[in-house]
Amino acid sequence: MKGKFVFYNRPFDDALIEPGMAYGRAGDQRRIGAIEAGKRGAVGALVRSLTSAHDDYPHTGTMNYDPAVPKVPGAALSTLAADKLSLLLKANKDLEFELQMECVTLPDEKSYNVVGEIKGSKFPDEIITVGGHLDSWDLAEGAHDDGTGVVQSMEALRLLRAAGLKPERTVRAVLFMNEENGNRGGTEYARLAAQNKEKHLAAIESDGGFTPRGFSAEAEPAIVAKLAKWGPLLKPYHASDLTVGHGGTDIGPLKTAVQPKALIGYDGDSQRYFDIHHTAADTFDKVNRRELELGGASMASLIYLLSKYGL
Ligand SMILES: [Zn+2]
C-alpha cells in the first residue's frame, strides 16, 4: 500500500436495533485505521463516518496511534462523500486523491468541574452523584453531547426542591470537564472523593437527551434486582427499561476509587443519536424541550428513590 490511502468504507449495520452496538462494531475502522494503514506503508487513512445518517457531515471521534508504527493522518469522510468515493473508485482504479487537513493540538488550558449539592436530611454522608459533561467534541456545539446531560443534572436537583422533597441522602450535581479527550474531570472528581473518604451510594450520568426509555446499570446482580423492583414506579413514564451495561464515562473512575453500589446511565431513545454525534449538526435546535424535560424528571424520580431507600 506504499504511497496510497487506505479507504475504510464498512457501513453501520442497520440490522442492529441498538445504534450503540452498530457504532461499536464499525468503530475499529476509526480507532485503529491509521495504525493499520501506517503499518502497511500507506500515506493516510480515510474512514467512512460512523453513522447510519446519509449526510455531508464528517462524524469524527477518538482515533489512536501506536508509537511503534509510522504516524499517518486519519480523516473521517461523510457518508455521502464515502459513497461518492466508492463509486469513483469502481469507475477508475487509478483514481488520485489529495488530502489537506488543518488539525492542530493546542496547549492545555486550566478548566474545572462545576459542583452543587443538596445535603441529605437523614444520611448527609451518603452521596448520590448525578452528572453530565461540559466539554464537547471539537467539531460540535455539543447540544446533545452533552449540553442535555448538564441541564438534566441541574434540573433533577431543581425538581426535587420544586416538589418540596427533602432527599434523605446527599444529592450532588456534577458538571464534568474534559470527558471527550482524556476524562480528566471524572478522574479528578473520583480522586478527590477517595482522598476525602466520601461514601458514594450511586452515580448517574446522562449523555444525550432524547426521549427516556430507562436506565442501564453497572452493578452486582443483587443491586440490579433491587433497581428492577422500582420498574413499576417508572413504567407510567416509559422510563422503566433496565439493562445491565455501561454507566458512563465521567462517573466511571468512581468505580475503583470509592466503589459506589451502582453506576447508572440514563438511557434515552438512541435511534437519532448517531445522526448528530460528534458533528457540526449537534446543535441546540436538535434538542426537543419536552423530551429533555421528561428525561430530567425520570432522573429526578430515580434519584428520589435512591435517596429514600438506598441500595
Ligand atoms: Zn458525551
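1. H133 is a buried residue, its relative accessible area being 1%; buried here means under 20% relative accessible area, exposed over 50%, and partly exposed in between, with a 1.4 Å probe and protein chains only. The model is predicted, so local features need pLDDT of at least 70 and side-chain atom pairs count only at pLDDT 80 or more, while totals for chains, interfaces and linings use all residues. Residues are numbered from 1 along each chain as its sequence is written, and side-chain values use heavy atoms, with hydrogens and water left out.

2. D207 counts as partly exposed, at 27% relative accessibility.

3. D146 has its place in helix 5, residues 143-162. Helices (H or I, at least four residues) and strands (E, at least two) are DSSP runs, numbered from the N terminus.

4. Seven strands form an open sheet with mixed pairing, in the order 4-6-5-7-10-8-9; two strands pair if DSSP finds at least two bridges between them. Strand 4 (114-118) and strand 9 (241-244) stand at the edges with a single partner strand each, so one side of each is left without a neighbour in the sheet. From one strand to the next, the twist averages 20 degrees. Strand 8 (residues 212-219) and strand 9 run parallel and are joined by four bridges; A217 has V244 of strand 9 as its bridge partner.

5. Two helices may be considered with this sheet. Helix 7 (residues 221-228) packs on the sheet, where it touches strand 8, strand 9 and strand 10 (262-268), and its direction makes about 155 degrees with that of strand 8. Helix 6 (residues 184-195) lies across strand 5 (123-133), strand 6 (169-176) and strand 7 (199-205), running at about 150 degrees to strand 6. Axes are lines fitted to C-alpha atoms, for helices over the stretch in contact, and angles run from 0 to 180 degrees between N-to-C directions.

6. Another open sheet has three strands in the order 1-2-3, with parallel pairing. Strand 1 (5-8) and strand 3 stand at its edges, each with a single partner strand, so one side of each is left without a neighbour in the sheet. Strand 1 pairs with strand 2 over four bridges, and Y8 has V47 of strand 2 as its bridge partner. Strand 2 (residues 44-48) also pairs with strand 3 in the parallel sense over four bridges, where A45 is partnered by G74. Strand 3 (residues 74-77) has a covered face, A75 and L77, and an uncovered one, G74 and A76.

7. S86, in helix 4 (residues 79-91), counts as buried at 16% relative accessibility. Leaving aside neighbours within four places in sequence, S86 is in contact with F7 and N9, where contact means heavy atoms within 4.5 Å. S86 and F7 are 79 residues apart in sequence, and their C-alpha atoms are 8.9 Å apart in space.

8. N183, in the loop between strand 6 and helix 6, has a positive phi of about 60 degrees although it is not a glycine; N183 is buried at 10% relative accessibility. H278, in the loop between helix 10 and helix 11 (289-309), is also a residue other than glycine with a positive phi, near 55 degrees. H278 is buried, with a relative accessible area of 5%.
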